[in-house]
Amino acid sequence: MKNFYQEGPVLTNTYRSDETLQKYLKKVLPADVQKVTLPHLDHLGQRAVTDMLAWAAEAEAQLPQHIPFDPWGRRIDEIKTSNGWKELEKVAAQEGIVATAYDRKFGAFSRVYQMALLYLYSPSSAIFSCPLAMTDGAARALELYAGNDLKERALPHLLSRDPKNFWTAGQWMTEKSGGSDVSGTATEAHPFKGESAFSATHSLHGMKWFTSATTSQMALTLARPDDAPVGSKGLSFFYLELRNEKGQLNNIEIHRLKDKLGTKALPTAELSLQGTPARMVGGEGDGIKKIASVLNITRIYNSICALGHMRRSLDLIQDYSRKRKAFGKLLIDHPLHRETLRSLEQDFRGCFAFCFFVAQLLGQEEVGEITASERVLLRALTPILKLYTGKKVLQIASEVVEMFGGAGYVEDTGLPRLLRDAQVFSIWEGTTNVLSLDMLRAFEKEQALPILMEYFKNCPAMKSSAAGFSEKWTELQKQFAHLAKGSPEDWETQARRLAFMVGDLFCESLIHEYSL
């Protein structure tokens, strides 16, 4: 073994190497849609392992810096990012990662196409996919609630394919008092006196403890207008732009960048709004209801990005398993190693089918081709999908890092980042417990449970008595029957378990339906 050096894993075109993605798209997309979309996906799959991969490595090596003052003591609060980070933003615009969904060129399939692009883009983006999630959510919220003049101002930027005109958006809700519980939002909105380029109605005063995409051009946030009632009912929904015509921050002071467990290339800041001009969107009150349209998008993004992270982890270990020898043979030739990989790939395929099923429902809703029961299904499944994929990606990343052995624990291989970055998916946009309770709200307020049960009764897996499905279906029925006799506290206690049971069942059903 003298002078032996182990060859590390190598990635190839991530569209061509992804049999699950290709099989699904060829089954679901009409032939005329495939002619346009598949070559683009192939192109992006190649970029994901060439220029994008190099820029992502640069972004991870040159982390964002907060520069509070210029050399002469003036407050500037500049956030300096690497060239790699800026280039990844350009790729997002050029490839239409956000715009594709809003072109609606392919009807409901536009979201499927877009999410396939995001799935290939995200693992090589140094998590630039996070600002894109906020951007897409902002575009949808403005499309639903903004006046025509604000739409005409912001949407052409948010949906631009020209890097020079492209804007990203932030979503600023988290305060010191809590993350998911925004009812105690302390940011105040006073009547605005003066002029602004976007017809501001209020000036915002308050502290935001955690703001992702802090280098964006605009943000959406919650604040409480004067004389509004306490609690969630008094919150309103606001649009703001970070900088004025001179390029100066609009009465925003950045205190520091967050030093996070992972996603280190993504600038995340703690900041104060000190009279920041903002425009109320959609009238006073119901701010949480309005910002839910953003959350629906960002939770699905979170799930697709978690899925892409699973695939990247598995691609790396699949390649390594065919070149690393241990105990006299390649890793892939050891039955236990091979079985572990098979199990992880099965989990991935289930998550893949679940993600793209929900993406297609979202597309149907946006073009008015969704039934009432499908709309309820979309509402109930979105939090389940997000919590389910957020946990599965952690399990898969952890197993993959372990399968690399010592190399998986050494920083300069880049492999430990798989695990550090994976943790974010279960935290952003609602933790597992918060989302489990959101599922229960959908059961109660939307009457989603009977629709879920009806879906399972009529799905192809049920009709064919698919292996693995019937057992899980029987267990879920027993659990619901037991809880029907219980108290609300019993439902809450079991919410997490129920959510994973529903997720498992959907994965089994959809793997069968799509023949993955």
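The mean positions of the 61 positive and 61 negative charges of the protein chain lie 3 Å apart. In this count Lys and Arg are positive and Asp and Glu negative, with His and the chain ends not counted; each charge is placed at NZ of Lys, CZ of Arg, CG of Asp or CD of Glu. The model is a predicted one, in which local features need pLDDT of at least 70 and side-chain atom pairs count only at pLDDT 80 or more, while totals for chains, interfaces and linings use all residues. Residues are numbered from 1 along each chain as its sequence is written, and side-chain values use heavy atoms, with hydrogens and water left out.

Turning to how these charges pair up, a search of the whole structure gives 33 salt bridges, a salt bridge being a side-chain nitrogen of Lys or Arg within 4 Å of a carboxyl oxygen of Asp or Glu. A network of such bridges links Arg104, Arg111, Asp136, Arg140, Glu143 and Glu366.

Some individual pairs are worth a visit in the structure above. Asp70 and Arg74 meet through their side chains at 3.4 Å, N to O. Asp70 is buried, at 18% relative accessible area, whereas Arg74 is exposed, at 54% (buried means under 20% relative accessible area, exposed over 50%, partly exposed in between, with a 1.4 Å probe and protein chains only). Arg441 and Asp438 form another salt bridge, at 3.5 Å from N to O. These two residues sit three apart in helix 13 (residues 432-445), so about one helical turn separates Arg441 from Asp438. Here Arg441 is partly exposed, with 37% relative accessibility, and Asp438 is buried, with 7%. A salt bridge also joins Glu508 to Lys472, their closest N and O atoms being 3.3 Å apart. This pair links distant parts of the chain, 36 residues apart: Glu508 belongs to helix 17 (residues 488-514) and Lys472 to helix 16 (residues 469-483). Lys472 is partly exposed, at 30% relative accessible area.

As for the overall fold, the protein chain has 17 helices and 11 strands, both being DSSP runs numbered from the N terminus (helices H or I, at least four residues; strands E, at least two). The radius of gyration is 23 Å, close to the 24 Å that the globule rule gives for 516 residues, so the chain is as compact as a globular protein of that length; the radius is taken over C-alpha atoms, and the rule is 2.2 Å times the number of residues to the power 0.38. Of the 516 residues, 56% are buried.
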